[in-house]
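Hi,

Here is the structure I said I would pass on. Have a look at it first, and my notes follow below.

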Amino acid sequence: MMKKTIFSILCIPFLFYVSCKNITKEQTTSTTTVIQPELPSFKASKTTTNMIIDGKRDELDWSKTEVATFDYFYHYDSIMKDDDKQKTAFRMLWDDAFLYVFFECNDKYLTAREKTRDGTPYFDDCAEIFLAPAPDILNTHMGFEVNLYKTSNDFLFMTNFYKGQQGVLKAFNPDFQVETTHTGTLNDNSDIDIGWTMELAIPLKLFFKIDTYAPVKAGAKWTFLALRQERNEIEGNRRITSSIFPVDEKKIDVHDPNKFGFLYFVEYKTTLNSN
């Protein structure tokens, strides 16, 4: 079993390499010029602050980087209730060792159930980010999905693994830091809650050798998607998905790389936001 796991992990750089190579080949061998639509984008500023991962937005640099709200909402049944569309603010920073991600979510009903790694935290209140360390659309990305118990479903996702079928490698269990805070009571809908935050520090060493096409530095760009899963009922699996960029409204395929946007790494402050 250990040998299979090690082999799976060693395959990660190869899978990213093949994905990048295939895209480059398609772009250079085509006899027809294809004009790609302009992708939406988001900027992460570099920080020189000693970041403390505590789920709190105390460091000043969090107010100097770009902030985005998740304005695209999707539901998996025919019902969209008034309480389903709740505000999410999203921020990112970076330095020479980590990507820092901060979710700040209004939430009237806090729900967390999953406690097993690589389980289904996405059926709880959950923050998600998918990262592809290259400046073009890839068939492969790394995924991090975390609920309020800090239970993670992390994976390598391949949208075209074999004969057009998707593949997910869950043997990829990276070490990263995460902390949450919440104001309210978990799994108790008898009262009205305020919301929750989540702060992640993702080590850049997780992308060692697969970030060849876009190593993290000022001016680099990756593709990515950030999302939130929202639960307002303790029982069942009804959920609402909201995202930083729009996805297909009918399929709600959040792993479709063509719906990702650009993540730009910048050194200067892009926005001053005191909220």
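Let's start with Glu233: setting aside neighbours within four places in sequence, Glu233 is in contact with Lys81, Thr111, Asn189 and Arg238. Before you read too much into any of this, bear in mind that the model is predicted. Glu233 sits in the loop between β12 and β13, the latter being residues 240–243. With one of those partners there is a side-chain link as well: Glu233 and Arg238 are joined by a polar contact of 3.3 Å. Glu233 also has a C-alpha atom 8.8 Å from that of Leu110, although 123 residues separate the two along the chain.

Next up is Gln229, which belongs to strand β12 (residues 221–230). Is Gln229 buried or exposed? Its relative accessibility is 2%, and since anything under 20% counts as buried, Gln229 is buried. The side chain of Gln229 has polar contacts on record here with two others: one with the side chain of Glu128 at 3.2 Å, and one with the side chain of Arg239 at 3.5 Å. If you leave out sequence neighbours within four places, the contacts of Gln229 are Tyr76, Tyr122, Asp124, Asp125, Cys126, Glu128, Arg239, Ile240 and Thr241.

Now the aromatics. How many aromatic pairs are there? The count comes to 18. Take Phe70 and Phe103: their ring centres are 6.2 Å apart and their planes meet at 85°, so this pair is edge-to-face. The pair ties together distant parts of the chain, with Phe70 in the loop between β2 (67–69) and β3 (72–75) and Phe103 in strand β5 (residues 98–106), 33 residues apart. Phe70 and Phe103 are both buried. They also belong to one aromatic cluster, formed by Phe42, Phe70, Phe90, Phe103, Phe224 and Phe245.

Lys115 lies over the face of Tyr149, 4.8 Å from the ring centre. Lys221 does likewise over the face of Phe262, at 4.0 Å from the ring centre.

After that, bring up the six-membered list of phenylalanines, Phe42, Phe70, Phe90, Phe103, Phe224 and Phe245, as one cluster.

Cheers

Note on methods
Residues are numbered from 1 along each chain as its sequence is written. This is a predicted model: local features need pLDDT of at least 70, side-chain atom pairs count only at pLDDT 80 or more; totals for chains, interfaces and linings use all residues. Side-chain values use heavy atoms; hydrogens and water are left out. Helices (H or I, at least four residues) and strands (E, at least two) are DSSP runs, numbered from the N terminus. Buried means under 20% relative accessible area, exposed over 50%, partly exposed in between (1.4 Å probe, protein chains only). A polar contact is a pair of N or O atoms within 3.5 Å; within protein, one must be able to donate a hydrogen and the other to accept it, and residues adjacent in sequence count only if both atoms are side-chain atoms. Contact means heavy atoms within 4.5 Å. Rings of Phe, Tyr and Trp (its six-membered ring) pair if their centres lie within 6.5 Å; planes under 30 degrees apart count as stacked, over 60 as edge-to-face and the rest as tilted. A charge sits over a ring if NZ of Lys or CZ of Arg is within 6 Å of the ring centre and within 35 degrees of the ring normal.
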